[in-house]
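Reader: I'd like a close look at one part of this model: the charged side chains that pair up. Then take me through whatever packs elsewhere.

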Amino acid sequence: MPGMTARRHRSVGPRWLLFFMGLLSAMMPWTEPALGLEKYGRPLPSMDEPEHEAREEEETLFGGYLLTGAFVKNPTFAARPDNTGLVGMRHMLHLETDLYKQYLTFYTDQNFFSDRTDGWIKLTEWDGTFAFTGVLDRFNWRLQYERDAPLDRRGLKQAYADALVTARFQAIQDSTWWRRTFPNQNLTAYAGAGWLFHNSQYFARPNNTGRALFRYVAHADLDVYKNKVVLYGDMNLFTDREASNTLNPSELDWIIGIAVRWKDTELAFYREEDRPLDQSGLVQKYYAVQLRFAFDVSKGALERMGLKR
């Protein structure tokens, strides 16, 4: 969930590690070659050192990141909500501000895509997201609205509003065994479920069939070297409100990537594959490389500089 900044949490025991890793194992490639369409802005691993992730006493005035990426291999990932074109470039702005410490944060994500079959430069899709999020102990909550629309022509628009709750695990804090065995690495993970309580043509499968009702998410990032090299994975499942069983997943989207950081800059290479689960149909996949620049200005920093009372 974009904007859900990492915080410090109390011990929850090693059973969370097994639970999250079991969920994330579903992201590995299936035996069939066909796979499919990213439905919402993906979280990226925190660029903070683990010991600096607590922000209970330091409210953010504004923070976020700028991101640009190239889909270096893209046989099927569409460049518009109606599944036309193929994405060439992605540009994104994420902005957030703490309204009340870590308990209430507002954020927005603005995603723009271009079509590699039409010159790579001209923008063809705009996905706008606006949300409130917060942290209570090891639980995160989110209320979000997203609208996806074509930019270069008239066409299909998709929009939804959802509520999402996730539970977070940090191995270096929550597992004595991990802290003793891997004192210089950290594993961060979360998993949860959400409800799309408003849905205007937001589909339940990559081929634009059905209408999404529930989503199940899981995420993990592994600090390989001093938070400078990080492996991460993401899983997102949707269910179909028009199906006979509305709890049964109809689509699986997963990402696996590696990120290399230097100060506030990150270079990442990742793969996404999305697929229908309950029937055959369109699938989409790609490989991408992206560059991200993070920034953060705290309210406390301005006060210490005498710029805010």
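Author: Lys122 and Asp118 join side chain to side chain in a salt bridge, with 2.9 Å from N to O. The term means a side-chain nitrogen of Lys or Arg within 4 Å of a carboxyl oxygen of Asp or Glu. Two quick notes on reading this. The model is predicted, so local features need pLDDT of at least 70 and side-chain atom pairs pLDDT 80 or more, while totals for chains, interfaces and linings use all residues. Numbering starts from 1 along each chain as its sequence is written, and side-chain values use heavy atoms, without hydrogens or water.

Lys122 is partly exposed at 43% relative accessible area, and Asp118 is partly exposed at 35%. Here buried means under 20%, exposed over 50%, and partly exposed in between, using a 1.4 Å probe and protein chains only.

Now look at Asp162. Its bridge to Arg142 has its closest N and O atoms 2.6 Å apart. Asp162 sits in strand E6 (residues 158–170) and Arg142 in strand E5 (residues 139–150), so the bridge ties together parts 20 residues apart in sequence. Strands are DSSP runs of at least two residues (helices, H or I, need at least four), numbered from the N terminus. Asp162 is buried at 0% relative accessible area. Arg142 is buried at 1%.

Asp162 also bridges to Arg215, with 2.5 Å between the closest N and O atoms. This link spans distant parts of the chain: Arg215 belongs to strand E8 (residues 212–225), 53 residues from Asp162. Both Asp162 and Arg215 are buried. Elsewhere, bridges with shared partners join Arg80, Asp115, Asp152 and Arg153 into one network. The whole structure has 12 salt bridges.

Next, the nonpolar side. The largest nonpolar core has 12 residues, including Phe71, Phe77, Tyr270 and Tyr286. Strands E10 (249–262), E11 (265–276) and E12 (284–298) each give this core at least two residues. A separate second core has 7 residues, among them Trp178 and Leu187. A core is a set of buried Ala, Val, Leu, Ile, Met, Phe, Trp, Tyr and Cys residues joined through side-chain atoms within 4.5 Å.

Aromatic pairs come next: there are 14 of them. Phe71 and Phe77 make a tilted one, 5.8 Å centre to centre with 45° between planes. Phe71 and Tyr286 make a stacked one, at 4.1 Å and 25°. Rings of Phe, Tyr and Trp (its six-membered ring) pair if their centres lie within 6.5 Å; planes under 30 degrees apart are stacked, over 60 edge-to-face, the rest tilted. Phe71 is buried at 1%, Phe77 at 3% and Tyr286 at 1%. One aromatic cluster holds Phe71, Phe77, Tyr270 and Tyr286.

Last, the surface. A nonpolar patch of about 800 Å² includes Leu99, Phe132 and Trp195. Accessible areas come from the Shrake-Rupley method with a 1.4 Å probe; for residues, only the protein chains shown count as cover. Patch residues have over 30% relative accessible area and no salt bridge; like charges are joined within 9 Å, nonpolar side chains (Val, Leu, Ile, Met, Phe, Trp, Tyr) within 5 Å. Strands E2 (87–100), E4 (123–136) and E7 (187–200) each supply at least two patch residues. Trp195 is in strand E7 and is partly exposed at 44%.
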